Amino acid sequence: MMRHGLTRRRFLRGVGGTTLALPFLEAMVGKAHGGKAPQRYVFMFAGFSVGSNPGNHLAPSEFGALDPKNLPIGMQPLGTHGVTDVISMVSGLSMPSAADVPPGGRPTAFHSTAHRVLATGTRQNGSQMMSDSSDQLAARYLAGDTLQDSLIYGAQPAYYYGEGDGGSNGVISARRNEAGDMEQLPPITSPRVAYESLFEGFIPPDPELAAAARRELAMRKSVVDLVSEDAESLISRLGKEDSLRMQRHFDEIRSLEGRLEELELPDSPACVLPEHPGDDPPIGSVIADYSHGSDFENDQAYSNEALRAQVMVDLIHMALACDISRVASFMITQAECFMNVFPPLGIPSDVHEITHGRVGGGDEQMQALGRVAGWHLDFYGQLTSRLRDTLDIEGNSLLESTALAFAFEGGWGYDTATGSESSPHSTENMCMLLGGQAGGLHADGIGRHIDGAGRHPTAILNTALQAVGVPETLGEVPGGIDELLG
Amino acid sequence: MALLLSAGCYSGFSASGADGEDSVGATDSGAEGGESGTGDGTGEDPPIPEGDAAEVGVSGLRRLSITEYERTVADLTGLMPEAVGELLPIDNLTPFDNDYTTQTPSEPLVKGLELLSGDIAEAVVADAQLRDALLPCEPTGVDDAACFEEFLSSFGRRALRRPLTGEELTRYGILLEHGVEAGEFDAAVAAALRMFLQHPELVYRVEIGEEVEGQPGVFRLGAYEVATRLSFFLAGTTPAPWLLDAAEAGDLDSREGIAAAASQLLEGDEGRTAIGRFHGLWLGYHQLAEEGLSGAMLGETQALIERNIFDERQPWSELLTATETYVTAELAEHYGIPEPDGGEGWVSYEESGRGGLLSHGSFLSVGVKFGDTSPTQRGLLVRTRLFCQEIPLPADDLMVDVDEPPGADPDACKTERYYMMNEPACSSCHQLMDPIGFGLEQYDASGALRTEEPDKPECEITGDGDFVGVGAFNGPKELGDMAVESGLVEACASRMLYRYATGHFELDEHDEALIERVLEDQDGTFELFGFVEAYVSSEAFRHRRELQGEGE
């Protein structure tokens, strides 16, 4: 998501189509920000329930410092990436639920409600988020003059179940616009769209290629300028409802116009033009397509989310390293995720069915649940690791100015809809993770497992926002988890 | 009018209220006043009668669905674009993919369009045949402004579905500079293609019109806007040149002219495709793969639609009672019915127990849950889609988890596991759904016949069903016959087609008035050509209503 009216000229030097370290600009470091390095915020999400219950294979059985050699299945990727010293887990969290929806709570129906409360901290009783999501609140304070206020990415492009589309299960970012209306902000799930949105202004260093690239950029900009003018002229000719819709379309065109300028990237070996991801993987079909058999051992309900997520992690990393953006929301999987996990994990099921015990039940099911959690956390650990290994011009790790939160859709416990005491349709015993070293996070170099019993999961996001200097809390959830700040 | 079977889920039926006016004012307009431009209503028409005005429904800015965009691009350029579904956000389904009330502009949409338009433009100019077909002239050089303007004018008229103004031609003419700079006229053509293919008036169906005197909030559409309504409704794509010519010539200024154009559209191949797609979305089978056995199922249903609706002009309800079906040998074997001669063709169902569209594997593939057919989901499908009834989700205090398979014992037979229809707290709604589904249980999710549950030979499937409020039945043939005899599916089918045509699922009193009146004019029978003619001939079709704030 980009702002209108860019204030910074854009440039990039490098070799087209190849990965190349680029020179760094002083403007990107502390001096340009009043001596304080820019702060960065990332929110990642997994669309299924996994609790802090020991049998869920996610949360360690003991509180205290994380032991990278003794982690449950779900957290093992964090050990693999060597980031257990800069990531903490808070478990035992709960979000209230009742028919008369309480502040910071959800109605008794679980799916399609909990993720929106998590993201905003505001009670949910409809199909839309009712206040700013954490990434959009962060962007308001952190974006500065970056080219993109925030990146809103996802890896799962389709719902995969039945004939439905999942409604707003695939949206986890929202903001209140200048007119005071809430805008739900769907993620980019196409790697190609995401890549080109970030680097469309790239001009390669080779003079001949650069001339061609500049010609193309100028052509595209003049085309979009015309489109933008026509969209704007339409607004005043339409009725009220239509004009609002066209205004939103126009706003996005204006953002695109702003990106179609020569891209300036910092003069830093850390700022690297990633390889173009190529064409997008095809979108998978719905599950239970009986014409192809009911098993999962094919590509149904899978759009190569593993590749999509990998590209998105690459792009978030590089957007932060190059200071193109300082805020990202990454919905790895949609709420109530029906993605087939056979291709990435060899488990013949989709994520949702695993949570409901239909891969054998008992510990076989729970181990599968832990592996699915681990598949998601692998991307989280990877991004954290790469940010730690990326230095700004002052030699500081990017992780020192970054907070990365990770949320699961639900926990495991009491289901207010059915009265079941042990259900994945629950927002009890929830787990959240907070990584990074901004604002005192993990100052002692120890990642911990912290007891969050009685606390709201969004409190972790409040702590993350506090760590990066955002002077507000989310929605209806006050305060954070002080233990995370050392 | 949708029937909401609310808290009590009462099973009785009531005829939809005929609260609309039943007269059609003779208000044929004169020639189109404006020469060009979006929303060129004449402004010279007399106010339409109150009765007609009451039928004018609210409409809004509709974005082309992914399928509509693909077909539009193919018609405009000759190139069937690739990756539209990958680069553009998926459409919301209500069940139709064109419901403007669910469409939200977004960064993924706008950026996806920019990428797509570039891909398409480059591919088109790289193909000499496609490129030549687009250019109405042969440029004399890279700076041939006259030829470029001729191209802009001809292609722009088709892309934006109206003639371009002189001011627009001048503005767009600057794109020629890119051809000059690149030393290739085609570079300018590509730039123009890029612009048109992401232009808001291509991406959205813009309707403005001119406000009708004495009818605040009611606007008379211009002829090009009427052409666009017709084309996307009945052909699923942008207006063909002949239709734009008809608009320009004033042929669409009369209701007779509109009806004639509608008939021409329906009789073309695009009409058959569009109406087939409408059925797929409506009945939920549109997501079936086009290859293999499921492709044969899609072909079976499309063949029936084309024969009954298009070739024989039968009432829609005849789809449910057809005694023959079009199958491949493989599909016939799968169904256990006689194989056709020559690999594929029409065969009689004979005494197989099958009959009509409800016997098709396409329809039976919908309503699957927990790895098998769901009597509840199938019953819900029949109630909501075929009868336009609404069945609410379980109330919170019922403590129901719709994600959990029913029944405590997964090894029990399905009749035991689906106990909800006999449970006092649940039965009021489940009695309306589950017995219908059980009546279809002898047909699995691929439409194959079965008499026992998968891997449970002890669980016999009788196929006995009950449509509470209508009667008992066994199998899809009897259900189809019964549905037709009830007289209720005609009204629902017409309501669904209207929803698809207007791009919004929720209907208000204006919409209901129009539907009721048209159905009455057709003696309650929904025959596609007759319904379409009556609908497109109404004042409602060539007007739009704009929300006027509170109270509307």
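Buried here means under 20% relative accessible area, with exposed being over 50% and partly exposed in between (1.4 Å probe, protein chains only). By that rule, buried residues make up 63% of the 486 residues in chain A.

Some ground rules before you click. This is a predicted model, where local features need pLDDT of at least 70, side-chain atom pairs count only at pLDDT 80 or more, and totals for chains, interfaces and linings use all residues. Residues are numbered from 1 along each chain as its sequence is written, chains are lettered from A and ligands numbered from 1 in the order in which they are written, and side-chain values use heavy atoms, with hydrogens and water left out.

**Stop 1: chain A, coloured by pLDDT.** pLDDT is the predictor's confidence in each residue, from 0 to 100. Chain A has a mean of 88, and 90% of its residues reach 70 or more. Now select residues 1–34 of chain A: pLDDT is below 50 there, and the model gives this stretch 123 contacts (heavy atoms within 4.5 Å) beyond near neighbours in sequence. Residues 289–293 of chain A also stay under 50.

Switch to cartoon and you'll find eleven helices and eleven strands in chain A; these are DSSP runs, helices being H or I with at least four residues and strands E with at least two, numbered from the N terminus.

**Stop 2: Pro157(A).** Go to the loop between strand E4 (151–154) and strand E5 (173–176) of chain A, where Pro157(A) lies. Pro157(A) is buried, at a relative accessible area of 9%. Show what surrounds it: not counting residues up to four places away in sequence, Pro157(A) touches residues including Thr189(A), Ile283(A), Arg308(A) and, from the other chain, Ile90(B).

**Stop 3: where A meets B.** Select both sides of the contact: 72 residues from chain A and 68 residues from chain B. The buried area, meaning the accessible area (1.4 Å probe) that two parts lose on being put together, summed over both, is about 5800 Å², and carbon and sulfur atoms give 58% of that.

Next, look for the seven salt bridges between the chains, each a side-chain nitrogen of Lys or Arg within 4 Å of a carboxyl oxygen of Asp or Glu. One to zoom in on joins Glu200(A) to Lys111(B), with the closest N and O atoms 2.1 Å apart.

Finally, highlight helix H4 (191–199), helix H5 (207–235) and helix H6 (240–259) of chain A, the elements that give two or more residues to the side touching chain B. H5(A) supplies the largest share of that side, 14 residues.
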